[in-house]
Amino acid sequence: NKVESGRRYIMQRHETGKKHIGGMTFTEVDTDQAIIAENNAKTRQIGDDVSNLNDIQKDQANMIHQQGDQVDSVKQDVDDADNHIIDTNEELSRGSDLMNQIRQKKVIIVILSLVLCLIIIGAIVVAIVVPVAIVASANRKSNN
């Protein structure tokens with residue numbers, strides 16, 4: 001088993017010697033423990049970094065979700081605006097048709113008014129001319 005062989009190795013290294021570094025004496029076990037402590041610190045730092053990275057990814061996912069909602073909202077607004085434009089074009093078309101109908105009715109009213117005016121003027125002329133013609137005709141007969 002690996003753990004047991006590791007323990008034997010450490011025990012053998014402990015029994016065999018000491019290291020001298022900078023005037024200080026360290027056993028192999030002390031050195032191994034320092035390395036293990038350093039590795040543990042690095043492992044904790046990696047864990048902290050992974051945790052920070054996880055937090056960043058969560059924040060990013062939230063932002064993407066919010067932006068997705070905003071994009072959906074903008075898309076809906078664009079669709080609504082498109083529908084409003086279609087409705088407006090239909091209203092303008094109906095308005096144009098109504099204006100044409102009103103214009104045609106105005107022309108008919110003007111023509112009918114002119115005809116009526118001509119009839120009235122004709123009636124007035126006839127009312128004035130006919131009695132004058134009758135009187136003139138009567139005067140001619142009496143002169144003859």
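Which pattern does the protein follow when read along the sequence?

1. Read along the sequence, the protein follows the pattern α-β-β-α, and its secondary structure comes to 2 helices and 2 strands. Helices (H or I, at least four residues) and strands (E, at least two) are DSSP runs, numbered from the N terminus.

2. This is a predicted model, in which local features need pLDDT of at least 70, side-chain atom pairs count only at pLDDT 80 or more, and totals for chains, interfaces and linings use all residues. Residues are numbered from 1 along each chain as its sequence is written, and side-chain values use heavy atoms, with hydrogens and water left out.

3. On confidence, the protein averages a pLDDT of 82 (the predictor's confidence in each residue, from 0 to 100), and 78% of the residues score at least 70. Among the elements, helix 2 has the highest mean pLDDT (89), while strand 1 (residues 18-21) has the lowest (50). Over residues 12-17 the pLDDT stays under 50. For that stretch the model has 5 contacts (heavy atoms within 4.5 Å) beyond four places in sequence. Where pLDDT is low, the predicted coordinates should not be read in detail.

4. Buried means under 20% relative accessible area, exposed over 50%, and partly exposed in between (1.4 Å probe, protein chains only). The accessible surface of the protein comes to about 12700 Å², and 62% of this surface belongs to carbon and sulfur atoms. Such areas come from the Shrake-Rupley method with a 1.4 Å probe; for residues, only the protein chains shown count as cover.

5. A search of the whole structure finds 3 salt bridges, a salt bridge being a side-chain nitrogen of Lys or Arg within 4 Å of a carboxyl oxygen of Asp or Glu. One of them joins lysine 42 to glutamate 38, with the closest N and O atoms 3.3 Å apart. Both residues lie in helix 2 (residues 28-143), 4 residues apart, about one turn of the helix. Lysine 42 counts as partly exposed because its relative accessibility is 47%; glutamate 38, at 42%, also counts as partly exposed.

6. Aspartate 79 and lysine 75 meet through their side chains in a salt bridge (3.1 Å, N to O). Because they are 4 residues apart in helix 2, about one helical turn separates aspartate 79 and lysine 75. Aspartate 79 has 31% relative accessibility and so counts as partly exposed.

7. Arginine 94 forms a salt bridge with glutamate 91, the closest N and O atoms being 3.1 Å apart. This pair is 3 residues apart in helix 2, and so about one helical turn separates arginine 94 from glutamate 91. Arginine 94 is partly exposed at 44% relative accessibility, and glutamate 91 is partly exposed at 47%.

8. A nonpolar surface patch of about 720 Å² is made by Leu116, Ile120, Ile121, Ile124, Val125, Ile128, Val129 and Val132. Patches are made of residues with over 30% relative accessible area and no salt bridge: like charges are joined within 9 Å, nonpolar side chains (Val, Leu, Ile, Met, Phe, Trp, Tyr) within 5 Å. Valine 132 has its place in helix 2 and is exposed, with a relative accessible area of 53%.
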